[in-house]
Amino acid sequence: MNYSTKLKFAGVLACFFAFGQTQAQERTAPSYPLITHNPNFSIWSNTDKLQESTTTHWTGSDHSLLGLINVDGKIYRFMGKEEVRYSPVLGTSDETPYSVKYTETEPTGDWKAASYAAADWKQGAMPLGDNPSTVKTPWKGDNIWVRRTFTVADPSAINELFLKIDHDDNIELYLNGKEVYSKKGWTNTLQYFPISKGDLKAGENIIAIHLANTAGGRFLDFGLADKQKEKGAKVELAKENSVDVTATQTLYNFTCGKVDLNLTFTSPLLLKDLSLMSRPVSYITYSVKANDGKSHAVKVFLGASSDIAVFRPSQEVTATKYSANNLSILKTGTVEQPILQKGADDMRIDWGYFYVAAPKTSGARQFITSGSGAAGAFQTGSTVSTASKGKSLSLNTVIPFGTVGKTAVERFVELGYDEIYAIQYFGTNLRPWWNNSGKATFDGQLSAAATGYKTVMAQCAAFNKEIYAAALKSGGKEYAHLCMLAYRQSIAAHNLVKSPKGEILWLSKENNSGGFINTVDVTYPSAPLYLIYNPKLMQGMLNGIFYFSESGKYPHPWAAHDLGTYPRANGQTYGEPMPVEESGNMIILTAAITKAQNDGAFAKLHWKTLSLWVDYLVKEGLDPKTQLCTDDFAGHLARNANLSVKAIVGIACYAQMAEKLGMADTAKKYRAIAESMVPKWIGMAEAGDHYALTFDNKDTWSQKYNLVWDKVLNLNLFPQKVYDTETKYYLTKNNKFGIPLDSRKAYTKNDWILWTAAFAPTQAEFEALVKPVYRHSIETESRVPLNDFYDSNTGIRDNFKARSVVGGFYMKLLSDRLNMR
């Protein structure tokens with residue numbers, strides 16, 4: 001992890017349904033999953049009402065889905081927002097070429113004033129930044145000052161003035177010497193911010209900017225825009241009555257005047273069915289019925305933005321409409337199609353194609369317009385395509401329901417994404433799992449999804465019921481709620497491909513914490529979900545790391561941190577190793593696979609490598625030297641007691657696997673080594689009523705979340721006193737949103753809290769540790785896909801979002817499953 005880089009319809013449990021209804025008017029999640037398949041195809045709603053905001057990609061960039069319903073001629077909006085129309089006042093680089101004056105040396109004098117000479121400043125074309133593929137003027141320093149002069153003939157003619165800007169990162173912006181915008185942080189794309197047109201002058205004007213880079217990338221593009229007056233009849237807002245999140249579905253209920261609308265987003269991520277899970281097709285189901293006992297004419301509109309297929313909205317796309325396999329289909333993608341050419345954290349896919357499909361039997365009409373023209377077309381009843389090439393187009397589908405009465409009428413559409421090639425793996429471009437052969441077509445995938453709709457929906461309903469019941473039994477309602485929120489998020493931070501050797505590769509993207517691919521210390525916290533529902537996927541999370549070492553490409557006696565920067569897995573790109581961390585992680589997770597499958601074959605296959613790593617832990621693990629661990633945002637640490645636990649547990653895991661493989665002498669040897677380390681650890685870490693963060697400072701403390709595997713895998717290493725003492729102490733440290741990670745700061749990690757809670761001696765203590773994490777999920781101000789790193793007092797995220805690590809919420813359920821045998 002790298003800080004510095006950038007939940008019924010019929011079939012759902014009765015108790016779950018009742019719980020959802022009682023929570024109908026309350027917040028359910030910090031962000032609601034709508035379309036969730038992989039790091040590229042991932043669309044969320046960040047507000048409690050689906051129509052309060054534009055839907056976004058997990059990075060925060062607009063990936064707009066617009067939902068309107070016409071009831072007897074009256075139109076209601078239930079999803080997203082209509083695109084606001086702007087006209088340029090001062091163009092950005094996607095609208096017009098322009099240049100600025102700039103300097104990287106702090107200027108003297110009033111550099112914001114129009115009269116400032118800036119004689120020694122350089123001139124450069126925009127945008128500027130540090131990514132050669134997206135900028136025209138390179139900037140790689142910490143600070144830059146920018147000036148842009150322009151002329152406005154008549155400011156009073158402007159309707160509403162907006163600053164249009166994309167910056168990375170901290171900025172101060174002045175218009176004619178007055179600060180009109182500032183922000184600590186960065187934008188992900190060109191965004192609009194209202195400013196006063198009264199600050200403009202007729203004639204010459206000046207925008208002056210100071211931009212400071214504090215972490216990660218650098219970028220600047222800016223201009224001014226006039227928000228156009230709205231045209232057409234006013235669209236009313238539907239009344240949202242409830243929203244529920246289950247494992248595979250998000251379900252909304254609306255009142256739209258005289259009809260009720262149930263809207264269901266289904267991403268059928270059933271982990272035991274790799275063919276279904278890997279098919280990047282989601283369903284949006286509309287179920288409409290009258291609420292007044294009468295009949296009403298109804299039709300529903302879906303507008304899906306072509307921005308779902310671009311990195312930046314300035315990229316030109318093509319869009320087409322066609323028919324195939326009894327489906328009406330819309331398809332869009334960029335003109336340039338730079339397949340696998342980019343690798344970064346804050347990135348959206350700009351290759352492959354986005355699809356919207358509807359069964360012809362539904363009578364749906366599809367057409368393509370500009371984004372700003374979509375809602376208007378539905379209002380006027382037009383279904384004529386007015387665009388096939390451009391920027392930010394709208395793929396529009398009108399679904400006629402005919403006359404609807406008290407009996408619900410149901411229709412569905414499909415949203416899909418064909419990446420063509422998903423991952424580059426040590427120089428080889430790999431197709432997505434559903435097209436391993438290279439002979440499948442995406443039209444075929446859409447057709448199979450449509451044909452199997454009823455079956456898939458029934459499977460999802462049954463699985464939602466199963467998984468909720470299991471989590472409820474294991475940890476209670478609040479725990480079950482967290483597990484529902486975590487399920488799709490964790491899965492959608494991965495991509496499934498097959499290696500050239502035919503191995504499963506289940507590769508994570510380290511979302512919002514560096515963008516690395518297959519990061520071992522992200523795999524580690526994610527593991528419980530996959531160990532429960534498909535250990536083969538767990539193997540797929542380790543296969544690439546084993547290959548990296550066993551091929552000789554990573555020639556060190558410890559495990560690698562990652563395989564590169566997503567989507568290019570060509571070798572580690574993180575700046576330094578985490579030797580004890582990653583070696584311990586790989587050994588523990590291999591042992592967990594062995595335990596979950598009750599089979600040592602996977603361990604046997606990699607025994608030589610595991611043996612190399614375990615010997616490193618024997619040598620260096622008990623009292624680790626200064627190095628990073630998974631909590632690398634906290635910095636380097638020597639004599640880390642929790643990291644030492646990982647090494648001890650890892651050595652015992654190796655012994656357990658050796659025993660499973662019939663290697664009695666090896667098992668005895670390494671078990672003895674691990675057992676001998678435990679009293680030494682206790683002696684070094686004991687600090688009265690707790691155990692220290694570091695062996696050399698008894699005034700410190702930390703969560704010892706690595707201890708959980710001792711319980712989960714029945715290693716029986718550490719005495720119960722350690723668990724009793726630590727848990728009792730943690731409960732004295734509980735803040736509003738959880739216990740801090742350790743004594744250094746108030747920040748915490750909710751995945752680690754749930755691991756720590758999983759070894760609590762009693763259910764009451766477990767629930768006491770989980771409750772603040774549940775509270776965080778429904779109260780945090782940080783409206784992003786589940787954030788795992790935040791301030792335990794305020795609940796505001798320090799960093800990280802949409803990460804796979806929330807799969808770790810399933811640790812208690814994993815423990816209960818493995819210990820039922």
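1. Aspartate 110 is partly exposed, with a relative accessible area of 45%; here buried means under 20% relative accessible area, exposed over 50%, and partly exposed in between (1.4 Å probe, protein chains only). The residue lies in the loop between strand 7 (99-103) and strand 8 (122-125). Between aspartate 110 and leucine 330 there are 220 residues in sequence and 54 Å in space, C-alpha to C-alpha.

2. The model is predicted, and local features need pLDDT of at least 70, side-chain atom pairs count only at pLDDT 80 or more, and totals for chains, interfaces and linings use all residues. Residues are numbered from 1 along each chain as its sequence is written, and side-chain values use heavy atoms, with hydrogens and water left out.

3. Tyrosine 468 is buried, its relative accessible area being 1%. This tyrosine belongs to helix 5 (residues 453-475). Tyrosine 468 is 222 residues from threonine 246 in sequence, while their C-alpha atoms are 7.9 Å apart in space.

4. The protein chain contains 18 helices and 38 strands. Helices (H or I, at least four residues) and strands (E, at least two) are DSSP runs, numbered from the N terminus.

5. For 821 residues, a compact globule would have a radius of gyration near 28 Å, and the protein chain agrees with this at 28 Å. The radius is taken over C-alpha atoms, and the globule rule is 2.2 Å times the number of residues to the power 0.38. Along the principal axes, the C-alpha atoms fill a box of roughly 85 × 75 × 50 Å. Of the 821 residues, 63% are buried.

6. The axes of helix 8 (residues 535-550) and helix 11 (residues 607-620) come within 10 Å and cross at roughly 80°. Helix 8 is therefore roughly perpendicular to helix 11, a term that covers angles of 65 to 115 degrees. Axes are lines fitted to C-alpha atoms, for helices over the stretch in contact, and angles run from 0 to 180 degrees between N-to-C directions.

7. In this pairing, Ile545, Phe546, Ser549 and Glu550 of helix 8 meet Thr609, Leu610 and Trp613 of helix 11, where contact means heavy atoms within 4.5 Å. The residues of the contact comprise 4 nonpolar, 2 polar and 1 charged.

8. Helix 18 (residues 811-818) is mostly covered, with 6 of its 8 residues buried. The buried residues of helix 18 are Met811, Lys812, Leu813, Leu814, Ser815 and Leu818.

Note on methods: Angles under 35 degrees count as roughly parallel, over 145 as roughly antiparallel, 65 to 115 as roughly perpendicular and the rest as oblique. Ala, Val, Leu, Ile, Met, Phe, Trp, Tyr, Cys and Pro count as nonpolar, Asp, Glu, Lys and Arg as charged, and the others, Gly among them, as polar.
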